[in-house]
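The structure under review is shown first.

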Amino acid sequence: MVSIIFLILFPLLPALILLVIRNGRVRSLVVTVGAAVLAVPPLFLLAGGTCPVPAFLTDLVPVMDRVILGADLLVALFLCGLGFRNRKYWIPLMVLPQAGFLTWNEFFASSGGSHGAGLASAFSLDSFSLIMALIVSIVGGLVLFFSLRYMKEYHAHHPEVKDRQHVFFSLFFLFFSAMYGIIFSDSLIWLYFFWELTTLASFLLIGYSGAPVARRNARTALLFNLLGGICFAAAIGVTTLSGMEVSLSALVSGGGQIALIAAVLLSIAGFTKSAQFPFSAWLKGAMVAPTPVSALLHSSTMVKAGVFLIIKLSPVFSGTVPGLLIALTGAFTFLCAAFIAISRRDAKELLAYSTISNLGLIVLCAGVGSAEAIWAAILLLVFHAIAKALLFLSVGLVEHRIGSRTIEAMDGLLRRMPKITYLLLIGIAGMFLAPFGMLISKWAALKALVDVNPLLAVIVVFGGTATLFFWTKWMGKLTSVRSAGPSVEKEVRPLEWFSLVSLALLTVAVCMLFPLVSNLLVDPYIGRVYGQVFSMDQGNIMIMLIMLGLLLLLPVFLMIVITKGKNRMEYFYTDAYLSGANTKKPFHFRGPMGREQTAETQNYYLEELFGEKRLFAWGTILSTLLLFGLGGALFV
């Protein structure tokens with residue numbers, strides 16, 4: 001427990017230091033040391049390390065309830081002040097009832113909570129929580145290292161944006177503290193506070209640039225997350241008024257209708273945080289934030305908080321009508337977001353919708369609630385977090401170097417930025433290509449759904465087809481070879497290389513070692529919750545490793561060809577013949593009037609079929625109906 005307390009409290013120290021220090025070198029030192037220190041406790045816990053809990057910490061738990069309430073009220077006051085200052089009165093109208101209820105709950109309601117029950121009731125540690133802590137510490141640390149150089153370049157490219165890097169990095173560490181609190185808190189009172197703290201950090205980071213569009217999108221994110229906060233507070237109220245202990249473990253182990261009602265309310269809060277339909281609009285809008293924000297908060301960690309909570313509650317949903325409706329919400333989110341991604345030309349928008357889609361698949365598995373489905377959901381969470389962080393950071397780097405982040409502008413990027421292209425290809429392959437982990441997890445999810453509900457399995461098949469389409473299109477653009485353009489890869493700095501290469505190696509390593517990850521971390525959690533474990537057989541594992549080895553030969557071959565010189569690239573040239581005569585230049589031809597023209601290729605985006613406006617509306621309508629059905633099922 002000491003390691004848990006350290007993880008929650010330590011990030012507040014660099015957060016405070018960074019707020020007052022403006023020197024760039026000192027800031028870099030504080031960020032580097034802080035990120036490195038945060039990587040130690042999860043590894044210590046992974047190794048089985050324990051520390052005796054000092055008695056004074058146990059005695060402080062009742063006092064900490066009041067401290068948490070005070071911090072909750074401070075966050076509420078800050079948000080209310082923000083609302084009044086900007087004349088957005090809906091903010092205090094949403095915040096004040098929650099603050100009033102929590103105050104009543106603390107002083108006048110006889111809730112179980114953590115009052116007097118000791119430290120064990122406030123925190124919980126299991127292998128699933130440890131997986132999340134490792135993701136936050138390792139992936140988050142690498143994003144922080146990347147950000148040190150990236151944010152300097154960001155302000156060089158955006159001189160109109162006020163340089164507030166001290167606030168930016170301070171908010172990152174505040175976010176770390178909140179995420180560790182979500183991961184390890186068992187008390188719903190404590191969990192609610194950390195939940196709202198991530199909402200605040202996300203709001204401030206999305207609006208970092210201060211541009212009107214950034215402020216508007218930050219307010220949208222705040223609106224949806226405050227709706228989730230209301231549902232969270234309502235869940236606390238349900239457990240309090242029923243006399244239940246206000247904790248996650250009590251909901252999962254207690255069962256019954258009250259536990260189901262509270263779990264559904266918490267799941268709706270999880271929908272808002274993980275951008276499920278009809279709450280998805282905020283995630284795409286969040287892409288206006290600097291790329292490290294997208295990589296950490298809106299792809300790798302914060303959105304995972306929502307699905308983390310739903311997975312934790314999944315035993316409550318197993319075999320119930322609300323569980324089926326939650327699964328259907330995830331299924332429609334997976335399907336709609338995947339098809340919308342086909343029509344996206346902007347790489348960050350594609351990544352945003354891909355994130356929404358994959359989170360929908362995780363929610364689908366959690367709603368089903370079987371041991372096999374949860375096994376798949378946890379592995380989906382792990383593989384997605386690492387590969388998406390790599391993709392977001394790589395796209396941000398490409399944008400700074402070529403001045404665009406559209407997929408069409410990345411045509412022939414293999415010549416201009418070959419190493420970055422390899423990293424992008426690893427990230428894309430990690431998302432959909434055999435034998436990388438996402439495909440393994442989707443296979444397991446499909447098998448689990450076929451056993452439980454074949455209709456859900458059909459939805460996954462169609463969504464997977466769309467996934468194959470949009471990832472393949474992007475991969476084709478990256479690997480197409482055009483006439484040599486200016487190389488811009490030398491401008492990439494060592495810290496950026498370190499983060500990107502580390503994430504690429506993690507993407508491959510986690511796939512190669514996934515049986516070990518499953519045995520050490522996933523299976524113990526599944527076994528404790530469901531009394532059984534699920535793993536792939538040895539034959540499939542060997543086939544997967546052989547395929548992975550063969551795939552790794554591809555970038556090696558491309559590297560050899562490119563480094564041998566310009567002439568070697570002729571292997572990839574094809575002379576164009578488009579109702580004209582070939583010329584000696586690759587991708588050029590002489591037209592009927594004798595004019596030399598360039599042959600261009602573009603992807604299909606099929607906006608008339610999969611346009612964002614149409615599919616987003618349908619997804620919102622269907623998921624809203626499912627939410628009403630969820631409410632009706634609880635009422636019945």
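1. Helices in this note are DSSP runs of at least four residues, numbered from the N terminus. On that basis Arg87 belongs to the loop between helix H6 (61-85) and helix H7 (90-107). The model is a predicted one, and every point below should be read accordingly.

2. Backbone of Arg87. Although Arg87 is not a glycine, its phi is positive, at about 60°. The residue is exposed, its relative accessible area being 67%.

3. Backbone of Ala275. A second residue other than glycine with a positive phi is Ala275, where the angle is near 60°. Ala275 is placed in the loop between H14 and H15. Is Ala275 buried or exposed? Its relative accessible area is 0%, and Ala275 is therefore buried, the limit for that class being under 20%. Arg87, by contrast, is exposed.

4. A cis peptide bond. The bond from Phe277 to Pro278 is cis, with omega near 5°. Pro278 is found in the loop between helix H14 (256-273) and helix H15 (281-285).

5. Nonpolar surface. Trp104, Phe107, Phe108 and Leu241 make a nonpolar surface patch of about 500 Å². Phe108 lies in the loop between H7 and helix H8 (119-122). With a relative accessible area of 65%, Phe108 is exposed.

6. Cavities. How many cavities of 30 Å³ or more does a search of the whole structure find? The search finds four. The largest cavity has a volume of about 90 Å³. Its lining consists of Asp72, Val75, Ala76, Leu79, Val95, Gln98, Ala99, Leu102, Tyr192, Glu196 and Leu226. The elements that contribute two or more residues to this lining are H6, H7 and helix H11 (188-206).

7. Cysteines. Zero disulfides are found in a search of the whole structure. Cys365 is buried, with a relative accessible area of 0%. Cys511 is likewise buried, and its relative accessible area is also given as 0%.

8. Salt bridges: Glu153 and Arg401. The count of salt bridges comes to 14, under a rule that requires a side-chain nitrogen of Lys or Arg within 4 Å of a carboxyl oxygen of Asp or Glu. One of them joins Glu153 to Arg401, with the closest N and O atoms 3.0 Å apart. Because Glu153 lies in helix H9 (residues 127-157) and Arg401 in helix H20 (residues 371-402), the pair ties together parts that are 248 residues apart in sequence. Glu153 is buried, with a relative accessible area of 9%, and Arg401 counts as buried at 10%.

9. Salt bridges: Arg401 and Glu496. Arg401 also forms a salt bridge with Glu496, the closest N and O atoms being 3.6 Å apart. This pair links distant parts of the chain, with Arg401 in helix H20 and Glu496 in helix H25 (residues 494-512), 95 residues apart. Both Arg401 and Glu496 are buried. Through shared partners, salt bridges join Arg149, Glu153, Arg401 and Glu496 into one network.

10. Salt bridges: Glu612 and Arg344. A further salt bridge is formed by Glu612 and Arg344, whose closest N and O atoms are 3.5 Å apart. Glu612 lies in helix H29 and Arg344 in the loop between helix H18 (321-342) and helix H19 (347-368), so the pair ties together parts that are 268 residues apart in sequence. Glu612 and Arg344 are both buried.

11. Start of helix H29. Lys613 is placed in helix H29 (residues 612-635). Is Lys613 buried or exposed? Lys613 is exposed, because its relative accessible area of 76% lies over the 50% limit. Lys613 and Ile340 are 273 residues apart in sequence, and their C-alpha atoms are 8.9 Å apart in space. Helix H29 thus holds both the exposed Lys613 and Glu612, which is buried.

Key. Residues numbered from 1 in each chain as written. Predicted model: local features only at pLDDT ≥ 70, side-chain atom pairs only at ≥ 80, totals over all residues. Heavy atoms only, no water. Buried < 20%, exposed > 50% of the residue type's maximum accessible area, 1.4 Å probe, protein only. Patch = residues over 30% accessible without salt bridge, like charges linked within 9 Å, V, L, I, M, F, W, Y side chains within 5 Å. Areas by Shrake-Rupley, 256 points an atom, 1.4 Å probe, with all protein chains shown as cover. Disulfide = S-S within 2.5 Å. 1 Å grid on protein atoms, 1.4 Å probe; cavity = no way out; pocket = protein on both sides within 12 Å on 5 of 7 lines; lining within 4 Å. Points joined across faces, edges and corners; volume = space filled by probe spheres on them.
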